[in-house]
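Subject: Structure for your review

Dear colleague,

Please find below the structure that I am handing over to you.

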Amino acid sequence: MESDPIKNKENKYIKDMTTGEPLKLLLGFAIPLLIGNFFQQAYNLADSIIVGRYVGKISLGAVGATGSIMFFINSLAIGLSVGIGIVVAQFFGAKEGKEVKNTIGNGYYIIIITALFLTFIGFIFSGYVLNLLNTPKDTFPFAVKYLKTTSIGFIPIGFFNLLSSILRALGDSKTPLLFLILASLINILLDLIFVIKFKLGVIGVGIATVVSQFIASFLCLIYAIINNSYFRLKNKDFIFNKNILKKILKVGIPVASQSALISFSLIALQKVVNSFGSDFVTSFTVVTRIEQLIQHPFLSLGAAVATYTGQNIGAQKIERVKLGFIRAIICSTSFAVFIFIIFQNFAEKIVKIFGDDPIVVRYSIIGLKITCTFYVFLGFIHVTRNVLNGAGDTYFCLVNGIVECIGRVGFAKPLTMIPFLGLNGIWLTTGITWLLNGIFSVIRYKQ
């Protein structure tokens, strides 16, 4: 067994989470990650606001119409990145430095190959998939342009996800924060230049995203190599290790499959949404963008829980895992209640940030008020799922994905056919899906 690198100033952001107060560790990890996620979401919001204000609601709907497809295409790379991070966390918790480096080296191969494949799929088949989803005719050409442009960025996006996952597995949530902020600022600046000055529309938004992600991933790698000794790999660290690859795939494939199933369910839901015309597609985009922002505290806490659990499982400290779970559930529930109160009272002001079309605003207000009622269960999902992931029980992710798929595919169309629900059945579908998945997740944890 090779000992860990010496904990000196160059490794100052690495955090051993196997000792200390769980709540303090979780919040200390999650808060920088949360700030970074908000900045990351800021450029998604900037895309929507700039397109909605300066290009029009049709183009805004086009950006939204590609969201579920982008999530589906990225799900494999994201899932594998999570798997690599979990394996790194477990080796780090067990103080096996050699295996940490070998996992990072093998992870590079996996993500680069996966990202190249996804780039090809996204660029070649974008029009075909959007046509299958019944994308409205006025939205279709803009959606194709946006999806083709952003597909070019799957390689830097995938690589940045990998770097972030590894750094977080080592307890470092601050370095990804720095480069998420950088990417966000560059993206917003380029949005303003390409869309407002050069009038490139959705293509300009896509180019801004690709360029900002490339710069952020490249600089993050250089920074990590300089400041974190685990990233200074030698030739031996890039040798294929069957045991590590097997471990990564065992953890990563269920996570990727879960993401793929969730994204498939979102695509199925998007198809139903598309059938109601451009105004509702745009309102769905607005609500989705807001919910993506609100989900980041849950995502950040979940990432903290996964790293915390992975390290403590590696150190064989099971009681600390249980204590961390309870602390995290209290945090997520408190946040969900707070956001519910905000949205019930200020929904109109929030949705008008994206534009003031009266039909879109009306649909969006209703959607936001319905879905926020179920945020407590969304918190249950993220906390419980990440405890299980960190413990290596990633096969339950597949169950999560199946439940979400059944919920969105099974409820969307029937609920919209109920006279007193109509279009509101779309919003209720999302809430019911979260409710079911939250219940199943807690049951699995108890088992």
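This is a predicted model: local features need pLDDT of at least 70, side-chain atom pairs count only at pLDDT 80 or more; totals for chains, interfaces and linings use all residues.

Salt bridges

A search of the whole structure finds three salt bridges. One of them joins Arg 327 to Glu 21, with 3.5 Å between the closest N and O atoms. This pair links distant parts of the chain, since Arg 327 belongs to helix α11 (residues 318-351) and Glu 21 to the segment before α1 (22-54), 306 residues apart. Both partners are partly exposed: Arg 327 has a relative accessibility of 26%, and Glu 21 one of 38%.

Glu 319 forms a salt bridge with Lys 322, and here the closest N and O atoms are also given as 3.5 Å apart. The two residues are three places apart in helix α11, and therefore about one helical turn separates Glu 319 from Lys 322. Glu 319 is exposed at 57% relative accessible area, whereas Lys 322, at 39%, is partly exposed.

Glu 348 and Lys 352 form a further salt bridge, with the closest N and O atoms 3.1 Å apart. Glu 348 is partly exposed at 44%, as is Lys 352 at 37%.

The structure holds 15 aromatic pairs. Among them is the edge-to-face pair of Tyr 109 and Phe 238, at 6.2 Å centre to centre and with 75 degrees between the planes. Tyr 109 lies in helix α4 and Phe 238 in the loop between α8 (201-227) and α9 (242-274), so this pair ties together parts that are 129 residues apart in sequence. Tyr 109 is partly exposed, with a relative accessible area of 31%, and Phe 238 is partly exposed at 28%.

Phe 280 and Tyr 363 are likewise edge-to-face, with 5.4 Å between centres and 80 degrees between the planes. Because Phe 280 lies in helix α10 (residues 278-314) and Tyr 363 in helix α12 (residues 358-371), the pair ties together parts 83 residues apart in sequence. Phe 280 is buried, with a relative accessible area of 1%. The ring of Tyr 363 also has the charged end of Arg 362 over it, 5.3 Å from the ring centre.

Elsewhere, the charged end of Lys 197 sits over the ring of Phe 198, 5.9 Å from its centre.

Buried positions

Ser 173 is located in the loop between α6 (154-169) and α7 (174-197) and is buried, at 2% relative accessible area. Its C-alpha atom is 5.9 Å from that of Phe 29, although 144 residues separate the two along the chain. Beyond its sequence neighbours up to four places away, Ser 173 touches Gly 28, Phe 29, Pro 32, Leu 33 and Arg 168.

Thr 114, in helix α4 (residues 97-132), is buried at 9%. With the same exclusion of residues up to four places away, Thr 114 touches Leu 76, Ala 77 and Leu 80.

Helix α2 (residues 57-65) is mostly covered, with seven of its nine residues buried.

Surface patch

Phe 120, Phe 123, Ile 124, Phe 125, Tyr 128, Leu 132 and Ile 152 form a nonpolar surface patch with about 710 Å² of accessible area together.

Yours sincerely

Conventions:
Residues are numbered from 1 along each chain as its sequence is written. Side-chain values use heavy atoms; hydrogens and water are left out. Helices (H or I, at least four residues) and strands (E, at least two) are DSSP runs, numbered from the N terminus. Buried means under 20% relative accessible area, exposed over 50%, partly exposed in between (1.4 Å probe, protein chains only). Contact means heavy atoms within 4.5 Å. Patches are made of residues with over 30% relative accessible area and no salt bridge: like charges are joined within 9 Å, nonpolar side chains (Val, Leu, Ile, Met, Phe, Trp, Tyr) within 5 Å. Accessible areas come from the Shrake-Rupley method with a 1.4 Å probe; for residues, only the protein chains shown count as cover. A salt bridge is a side-chain nitrogen of Lys or Arg within 4 Å of a carboxyl oxygen of Asp or Glu. Rings of Phe, Tyr and Trp (its six-membered ring) pair if their centres lie within 6.5 Å; planes under 30 degrees apart count as stacked, over 60 as edge-to-face and the rest as tilted. A charge sits over a ring if NZ of Lys or CZ of Arg is within 6 Å of the ring centre and within 35 degrees of the ring normal.
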